[in-house]
Amino acid sequence: MAHLTGVEPRPRIRHNDYSPLTPPPIGGWTPTLGASVVIPAHGGQHRLDLTLAALAAQTYPAHLTEVIVVDDRSDPPLRLPDLRPENTRIVAAPEGGWGAGHAMNAGIAAAEGEIVQRLDADMVISREHLEALFRWQHLTDYVVTIGGKKFAEERPLTPEQVYDAVRQGSPEDLFGPSALVSSSTEETIRRLDGLRASKNPYQVCTGPTVSLRRALLDEVRGFDTDVVRGQDTEFAYRLAQAGAVFVPDSEARAVHLGLPAQRGEHGRSIVRLVETHLAHRVPLRRDLRKEPGRRWLVPYVEVVFDVTGADERRIVAAVDAVLRGTLTDVAVTLAGPWSLLDEGRRWAPGTEAFDLALVRAAFGHDARVRFAERVTPTAAPVPFRYTAPVGAPPAPALLERAVKAMLEERIGLLVVELPEGGTATLERTEAAARARRLAGPGEDPADVIAQTHGVRHAAAGEFEKSPAPPAKPAAAPQTAQQPAAGKPAAGKPATAHAPQPQPEASPRRRGLFRRS
């Protein structure tokens, strides 16, 4: 495939099957894109020296490469060694934050390359590593390329030894085959056909060596600096919601100096910290959201109603219907002319502004309800969006069952035929985002989703019917002490057993739609 120049249409990749892309062979093509390698670092000068020595031996052209080391308050400050790529500099992480995500954002702000490569400061990469990853970036602009890695106990090495081994194509020989430990992601990648068959490929994009195009990086607005552990997975999740395709390349080999932190004495504590961050920010991790009463930072489904011209009773009924549904991990966006409520205006009864004022008074303190003049192009970082007429809110179980059907069938758009006429739509955010990226002028995004993820039409009743009740055991013979089924015992009134509605738990925090 020719390099992407902005003239050729982008390839329409289905799910994560990047088979339509054919990368050029290592050494058999001419790179043209500038690249910035960003290395967040805190201490570890010796490891950094080895990482820079390996970068000095790369096959990707040096004149197209810059290396930015972000010193995250090291004491003593980091310095540049003699053996390093020719275009290398150190920038200091700014005040006001700390951690790898904070440092990465500082490096990204200083970067000038069209490709941005995130690299840990304790990685010894093979000579073809950057070239292997960057060749995919020349094919299209919505792939995220992932390098491989093995772990090894650190041993005494000099930068010169690393440089020579990388130049000769054998950095692994510095450690010996028996000393190398495979990462858990390698087996996942193999099992899922290089992630082509993966349903959630972002989960293996764990950060030590990842590259992407600058426009895609800017679209997701960098790393979430509030996430101090698991920031790479959270970042990759948001890339997935932007429609990205994840491509691992086995020719981008590397050795990570030191064993995984999870194997240390505080391994379980680190895992718990990661899970706590991801539970709030990655709704697809349903295993981390087992408490139905909780309110999460990023909801699972956004429900959108256009309330323009609707009366207060209809709007309130629609919102209440959603919040009473069987799927509690939701948020509601009410799109309408809320600017009518600007300060200084009178809201006369019988006007649209008066009805909107009543609605805002009813839900203004509920963190699950958002008021918007217009709807954002996609629901990102929320993974699903349901859009329906305000007069036709979803039945109690519809959202839960429809989302389940979408996941099982791996479709990107579900068009729900409403019994009173018209339609509602349930869209997968990653599919909608990719369609916006790939659609030609005047092309219906639904036609693109049909190609990349699939579209299905279904009657609302398919997701509203209650499951068949379990078969009842045969009735025991009636005796004087045992009343007939459905009749109260003598002297005892009949009682209703219908479940009573439970009050919603108070939100733990506001800001469901803050940037994450």
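Student: What share of the 516 residues in the chain is buried?

Tutor: Buried residues make up 51% of them, where buried means under 20% relative accessible area with a 1.4 Å probe and protein chains only. This is a predicted model, so local features need pLDDT of at least 70 and side-chain atom pairs pLDDT 80 or more, while totals for chains, interfaces and linings use all residues. Residues are numbered from 1 along each chain as its sequence is written, and side-chain values use heavy atoms, leaving out hydrogens and water.

Student: Which residues of helix H2 (residues 100-110) are buried, and what covers them?

Tutor: Gly101, His102, Ala103, Met104, Ala106, Gly107 and Ile108 of H2 are buried. Their cover includes strands S1 (35-41), S2 (65-71) and S4 (115-119), along with helices H6 (214-220) and H7 (231-241).

Student: How many helices and strands does the chain have?

Tutor: The chain has 13 helices and 18 strands, taken as DSSP runs of at least four residues for helices (H or I) and at least two for strands (E).

Student: What makes S12 (residues 301-306) and S13 (residues 330-335) a pair?

Tutor: Pairing takes at least two bridges found by DSSP, and S12 and S13 share 6, in the parallel sense, so they qualify as a pair. One of the bridges joins Val301 to Val330 in S13. Both strands belong to an open sheet of 7 strands with mixed pairing, ordered S14-S13-S12-S15-S17-S16-S18.

Student: Why are S14 (369-372) and S18 (455-459) called edge strands?

Tutor: Each has a single partner strand, so one side of S14 and one side of S18 lack a neighbour in the sheet. From one strand to the next, the twist averages 20°.

Student: Which strands does helix H12 (residues 429-438) lie across?

Tutor: H12 lies across S15 and S17, running at about 90° to S17.

Student: Why is H12 called roughly perpendicular to helix H13 (residues 445-452)?

Tutor: Their packing angle is about 115°, with the axes 9 Å apart. Roughly perpendicular covers 65 to 115 degrees, so H12 counts as roughly perpendicular to H13. The contact (heavy atoms within 4.5 Å) is made by Ala431, Ala432, Arg434, Ala435 and Leu438 of H12 with Pro445, Val448, Ile449 and Thr452 of H13.

Student: How do the residues of that contact divide into nonpolar, polar and charged?

Tutor: They divide into 7 nonpolar, 1 polar and 1 charged.

Key: Axes are lines fitted to C-alpha atoms, for helices over the stretch in contact, and angles run from 0 to 180 degrees between N-to-C directions. Angles under 35 degrees count as roughly parallel, over 145 as roughly antiparallel, 65 to 115 as roughly perpendicular and the rest as oblique. Ala, Val, Leu, Ile, Met, Phe, Trp, Tyr, Cys and Pro count as nonpolar, Asp, Glu, Lys and Arg as charged, and the others, Gly among them, as polar. Buried means under 20% relative accessible area, exposed over 50%, partly exposed in between (1.4 Å probe, protein chains only).
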